[in-house]
Amino acid sequence: MKKEMIYRRTGWTKALFVIVFIIFAVLTVTYLYPLIWVLMNSFKQQSEYINNITGFPKNPGFTAYAEAFAEEVSGHKGATLMSMFGMTIAVATVGTIITVLTSSQAAYILAKFNFRGAKFMYAVVIFAYVCPIVGTLPAQMQFMKTLGFMKNSFAEYVGVIFLYSGGFGFNFILLHAYYKNLSKSYAEAAYIDGANDFQIYTHIILPLSKGSLVAVFIIQFIGLWNDYTTPAIFLKDAPTLAVGVSLMTKTLENNSNFPELFAVMVIVLLPIILIFSVFSKTIIENTTVGGLKG
Amino acid sequence: MDGNSSFGNERKADNKKRGRHFNVRTLFIILMLAYPVLHFLVMWVFVNGYSIALSFQRYFSTIRPAGYDKGWNFVGFDNFKNLFNLIKSDENTREMFANSLMYPVISCLVTLPLSIIAAYFMYKKVAGSSFFRVVFFFPSIVPLIILTLIYRYSVAPDGLVNVLLQKLHILEKGEIVSFLNVFGEDTAAGAVYIFCIWAGIGYNIILLNSGMGKIPQELQESAMLDGAGPMTELFRIVIPLTWPTITTMFILGMMSCINVYMQPKFLTMDKYGKTVAWMIYDYAQGGRPGDLGQAASLGLFCTVILAPTILLVKHFLEKCFADVDF
């Protein structure tokens with residue numbers, strides 16, 4: 001009964017919902033159709049694409065994929081799609097684990113402990129989030145160079161992980177809101193049973209917040225997987241996918257090898273689409289921002 | 001959100017135990033916060049300070065004006081004077097600022113209002129809304145380089161959209177949808193903005209929709225009983241109750257004027273639509289120490305204008321509606 005009352009629509013309200021539905025459907029087509037088109041063209045020959053841009057491939061084949069896997073990024077010997085996959089996984093996985101952990105620590109402490117300066121720290125973090133200072137990239141670079149993080153490929157890798165490892169970014173804000181609303185009764189019960197704060201954090205708080213941590217982990221992982229600016233500047237030796245593909249694009253466009261370019265796009269997109277289709281519910285439910293009062 | 005939910009003010013009858021617990025707790029807090037605070041001090045406080053210092057310095061190689069050393073030199077306000085001269089005399093610099101300023105206008109005044117309306121209909125469960133939610137999220141998980149490629153090839157003069165419309169005889173042969181053309185000098189800017197709306201609206205809708213999902217069901221029902229139409233419900237209930245989310249999104253939208261660069265760079269293949277962030281990225285990417293001081297001063301100039309503006313807007317927006325807790 002309740003449901004019917006809410007969803008009953010009449011007259012022009014009904015028309016409005018139909019119009020909105022049509023707009024949403026058109027938007028959906030603009031998101032999905034180009035993808036199907038890219039997939040279709042990745043099975044064409046180079047010569048076929050130019051004459052048959054919108055149609056189905058006449059002799060579908062995997063030539064473009066074979067070429068894509070063999071392609072090296074110009075100026076980076078040995079940087080193929082597979083090696084860039086490896087690099088991207090290494091950066092995104094380790095970077096995400098560390099930043100989720102440090103964010104969780106900082107968020108738990110600032111949400112649940114009243115010590116002197118806790119409120120001030122929270123205000124500073126919110127201020128830093130709302131008001132980023134512009135153009136610190138050159139200073140960051142100079143600083144990383146001085147610390148030796150740009151000497152060789154391993155130092156570069158460690159440097160990028162260090163840049164990603166902060167605990168006061170957007171993850172902090174999400175987790176802070178979560179810990180703030182977490183009931184303290186579990187922790188108190190454990191405290192009475194003689195557990196100390198370290199044990200409570202590792203044995204109770206972390207398992208309790210597993211859902212939120214997984215959500216933050218996935219969102220952060222996709223963010224780092226797709227990041228361009230940081231690896232473009234601080235990982236000069238071994239490109240990640242986002243950087244490598246943008247370099248590859250230039251070569252392939254100069255050679256007009258569009259099917260291969262489309263094959264590259266499909267290969268890069270597949271794992272992301274896979275992750276998204278498995279976790280879409282978790283990701284969407286946890287995509288949320290509230291107010292930012294310091 | 002009450003003070004009682006913190007552990008800080010527990011009392012322990014046993015004094016000895018209390019002392020020990022205090023020490024363990026202090027140690028716990030220090031150890032837990034050590035790395036995040038250290039990282040923040042280094043990467044935010046120090047790097048920002050260093051950036052400010054850099055903007056008053058210039059790097060000279062062996063060829064240098066008399067009176068300066070090789071390496072970094074304090075040059076006072078020279079970098080800023082340089083910047084103001086460029087603003088006064090150089091059309092490209094002025095265009096760069098104008099380009100950058102368009103992004104907050106697009107995202108706060110076009111994308112955000114459109115997303116609020118769209119999110120409202122999704123909240124009211126328009127047919128297929130759970131399917132649309134998944135599809136609309138899609139652009140935000142695709143790497144920007146791939147998304148711009150997809151868009152570029154779709155709207156290229158001989159790309160998907162034009163060829164399809166020609167085949168369907170909506171366009172004459174050789175005719176193109178010119179306002180989507182990222183390669184035309186006059187149309188590139190508009191085409192990039194359309195891309196930003198297209199790529200950004202989905203994520204905005206999801207964010208707003210999850211904010212609206214927290215509005216208690218009873219409010220919706222009582223609005224229905226009082227005979228409120230969609231417009232009344234949207235402006236009197238939904239928008240005021242999701243205002244904190246909208247405020248945050250507005251502020252993030254304002255920041256686009258200093259962080260957008262990949263969209264025009266990738267879409268126009270480095271040709272049109274230079275922005276401040278792009279300029280700074282180029283300086284850093286080039287790695288020539290001679291440019292870094294100038295880049296830092298450009299950044300500081302923008303910060304000095306932008307930071308107070310954002311704080312003011314934030315303050316004003318937070319005053320708009322009374323705080324609600326539910």
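Good morning. In chain A of this predicted model, the lowest confidence falls in helix α1 (residues 2-7) of chain A, with a mean pLDDT of 46, and the highest in helix α5 (residues 81-112) of chain A, at 95. Over residues 1-6 of chain A the pLDDT is below 50, and beyond near neighbours in sequence this stretch makes four contacts in the model. For chain A as a whole, the average pLDDT is 88, and 96% of the residues score at least 70.

Let me turn to the contact between the chains. How many residues does each chain give to the contact? Chain B contributes 88 residues and chain A contributes 75 residues. On the side of chain B that touches chain A, the element that gives the most is helix α1 (residues 15-54) of chain B, with 17 residues. That side of chain B is made up of 61 nonpolar, 19 polar and eight charged residues.

Next, the division of chain B. Domain 1 covers 7-54 and domain 2 covers 97-320. The C-alpha centres of these two domains of chain B are 38 Å apart.

I now come to the nonpolar core. In soluble globular proteins, nonpolar side chains tend to be buried together. The largest nonpolar core here has 141 residues. Those with the most contacts inside this core are A:V264, A:M265, B:A119, B:I146 and B:I280. Leaving aside residues up to four places away in sequence, A:M265 touches A:V38, B:I146 and B:L149.

Helix α7 (residues 137-146) of chain A is mostly covered, as seven of its 10 residues are buried. The buried residues in α7(A) are A:L137, A:P138, A:A139, A:Q140, A:M141, A:Q142 and A:M144. After α7(A) comes A:G148, which has a positive phi, near 85°.

Is A:Y179 buried or exposed? A:Y179 counts as buried because it has 20 C-beta neighbours inside 10 Å, and a residue with 20 or more is classed as buried. Not counting residues up to four places away in sequence, A:Y179 touches A:A107, A:Y108, A:A111 and A:K112. A:Y179 and A:Y201 are 22 residues apart along the chain, and their C-alpha atoms are separated by 12 Å.

Finally, some remarks on backbone angles. Most residues other than glycine have a negative phi. Which loop holds A:S256? A:S256 sits in the loop between α14 (241-254) and α15 (258-285) of chain A. Although A:S256 is not a glycine, its phi is positive, about 50°. A:S256 is exposed, with 11 other C-beta atoms within 10 Å.

In chain B, B:D270 is likewise not a glycine and has a positive phi of about 70°. B:D270 is placed in the loop between α12 (262-267) and α13 (276-286) of chain B. With 13 C-beta neighbours inside 10 Å, B:D270 counts as partly exposed.

Thank you for your attention.

Definitions and conventions: Residues are numbered from 1 along each chain as its sequence is written. Chains are lettered from A and ligands numbered from 1 in the order in which they are written. This is a predicted model: local features need pLDDT of at least 70, side-chain atom pairs count only at pLDDT 80 or more; totals for chains, interfaces and linings use all residues. A nonpolar core is a set of buried Ala, Val, Leu, Ile, Met, Phe, Trp, Tyr and Cys residues joined through C-beta atoms within 7 Å. A residue is buried if 20 or more other C-beta atoms lie within 10 Å of its own, exposed if 12 or fewer, and partly exposed in between; C-beta atoms are placed from the backbone. Two residues are in contact if their C-beta atoms, placed from the backbone, lie within 7 Å. Helices (H or I, at least four residues) and strands (E, at least two) are DSSP runs, numbered from the N terminus. Ala, Val, Leu, Ile, Met, Phe, Trp, Tyr, Cys and Pro count as nonpolar, Asp, Glu, Lys and Arg as charged, and the others, Gly among them, as polar. Domain bounds come from an automatic or database domain assignment. pLDDT is the predictor's confidence in each residue, from 0 to 100.
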